[in-house]
Amino acid sequence: MSDYISHDHEHDGIDRRGFLQCMAWAGTGLLWTVSGGVLASKTLAQIAKAGEPLPATDLSFLQISDSHIGFNKDANKDVTATFKIALDRINAMPTPPSFLIHTGDITQLSKPEEFDTFDEVLKSCRTKDVFYVPGEHDVLNDGGKLYRERYLKRVEAKGSGWYSFNKNGVHFIGLVNVLDLQAGGLGQLGDEQLEWLEADVKDLGTSTPIVVFAHIPLWAVYPQWGWGTSDSERALGYLKRFGSVTVLNGHIHQVLQKVEGNVTFHTAMSTAFPQPAPGTAPSPGPLKVPAEKLRSLLGLTSVQYKQGKTALAVVDSNLS
Amino acid sequence: MSTLTSRNKTIALLCAISCLNLSAFALAGDIKDVDSTSSKQNTIEIKDFAFNPQTITVKSGEKITWTNRDEEPHTIVSVEKQFKKSSALDTDQTFTITAGAPGTYTYFCSVHPKMTGTIIVVKS
């Protein structure tokens with residue numbers, strides 16, 4: 001149980017107790033601000049009641065993850081409906097996000113009809129700009145061919161689908177760590193992608209805020225369950241010199257956060273079903289919860305950046 | 001005529017051989033029956049992100065069947081690409097191969113590579 005925070009080499013003050021408290025808050029709709037490694041929080045309900053708008057920012061975007069369209073087991077028999085609720089929440093935001101990032105597992109079984117359903121439902125979203133990275137469920141039988149044909153049209157993707165782009169002075173990097181996985185191993189980026197990454201950030205100034213997004217966590221959340229990426233340390237090595245690095249992942253269907261030096265790691269809730277906390281069940285997988293509790297464990301993540309501030313504000317809100 | 005003539009000996013021998021052949025045939029039939037029993041034994045259940053049993057010993061020519069009991073899709077992929085990989089198995093879907101030449105074959109789930117298993121094939 002304690003293994004998943006054992007990699008906190010920086011001794012940044014996020015102890016196990018604090019970490020678990022963070023987890024407990026996560027399902028309740030909370031504004032996370034991270035500044036100099038110190039976490040502060042305020043519930044979304046408090047903000048809404050006080051009528052305070054969220055602070056004006058230069059860029060806001062939204063992370064959705066793990067929609068698993070096609071899943072129909074007990075943990076959530078209607079994942080399309082909960083995905084739609086997530087989009088309704090986005091449409092109801094007073095200030096719409098500039099774009100969405102989907103951190104993978106669009107579908108359950110990589111079936112064309114599942115991708116079709118996702119695309120059809122997504123049409124209802126007011127925010128049209130969406131950037132994707134694949135989850136292992138999106139590349140099951142064809143090595144990601146169908147995924148790449150559909151979701152990388154608007155980016156200059158390399159290799160198996162990695163790319164970068166700039167928005168408002170922030171450098172975004174979408175990585176693929178769900179392909180060519182090795183027996184006994186974890187998520188993997190591979191040499192070709194890592195070499196590309198090194199070159200991609202080489203000429204950027206250290207003050208450029210970096211946002212990295214990939215499906216499987218780029219930190220050792222719980223390797224026993226495969227919740228980590230074998231060569232993520234090398235990737236993070238290339239990003240060490242930057243003053244602000246925000247790493248956004250999906251895959252584990254729950255909010256976990258870790259701060260290590262200038263790097264903030266954050267995993268998002270799913271819009272489909274929760275998974276057990278690391279080590280609390282015989283294996284990962286869809287977690288059945290009472291129907292009335294389900295939506296409190298599903299959600300989305302809003303990220304805001306204000307020029308001149310080092311840290312990005314990361315806000316998780318559930319679908320209750 | 002209690003002694004066998006050479007000709008009779010030959011006939012007797014042929015008879016014995018054909019009887020042997022028959023018993024060999026019957027044995028093959030038994031093996032077939034054993035086969036269907038053993039194909040039950042050669043079942044690997046995928047549950048809680050694990051292959052169970054993780055190591056299985058089978059005879060060359062026998063069938064091995066995996067059944068996915070998880071709500072997650074899993075695959076069966078030979079580490080050394082020694083047999084055809086499965087497509088992603090959804091809940092309760094199965095995948096069957098026939099054991100080939102004797103040897104040790106390792107495989108894993110390419111979706112969850114922490115999941116590994118071993119097939120030991122012995123002479124039939």
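Where is B:P53 found in chain B? B:P53 lies in the loop between β2 (50-52) and β3 (55-59) of chain B.

## Model and numbering

This is a predicted model: local features need pLDDT of at least 70, side-chain atom pairs count only at pLDDT 80 or more, and totals for chains, interfaces and linings use all residues. Residues are numbered from 1 along each chain as its sequence is written, while chains are lettered from A and ligands numbered from 1 in the order in which they are written.

## Cis peptide in chain B

The peptide bond joining B:N52 and B:P53 is cis, with omega about 0 degrees. Helices (H or I, at least four residues) and strands (E, at least two) are DSSP runs, numbered from the N terminus.

Most residues other than glycine have a negative phi, and most peptide bonds are trans.

A:H68 is not a glycine, yet its phi is positive, about 45 degrees. It sits in the loop between β3 (59-64) and α3 (79-91) of chain A. A:H68 is buried, with 28 other C-beta atoms within 10 Å. Buried means 20 or more other C-beta atoms within 10 Å of the residue's own, with C-beta atoms placed from the backbone.

A:H253 also has a positive phi, about 60 degrees, and is not a glycine. Its loop runs between β9 (245-249) and β10 (256-260) of chain A. A:H253 is buried, with 27 other C-beta atoms within 10 Å.

## Contact between the chains

Chain B gives 18 residues to the contact and chain A gives 16. The chain B side that touches chain A has seven nonpolar, five polar and six charged residues. Contact means C-beta atoms, placed from the backbone, within 7 Å. Ala, Val, Leu, Ile, Met, Phe, Trp, Tyr, Cys and Pro count as nonpolar, Asp, Glu, Lys and Arg as charged, and the others, Gly among them, as polar.

Notes. Two residues are in contact if their C-beta atoms, placed from the backbone, lie within 7 Å. A residue is buried if 20 or more other C-beta atoms lie within 10 Å of its own, exposed if 12 or fewer, and partly exposed in between; C-beta atoms are placed from the backbone.
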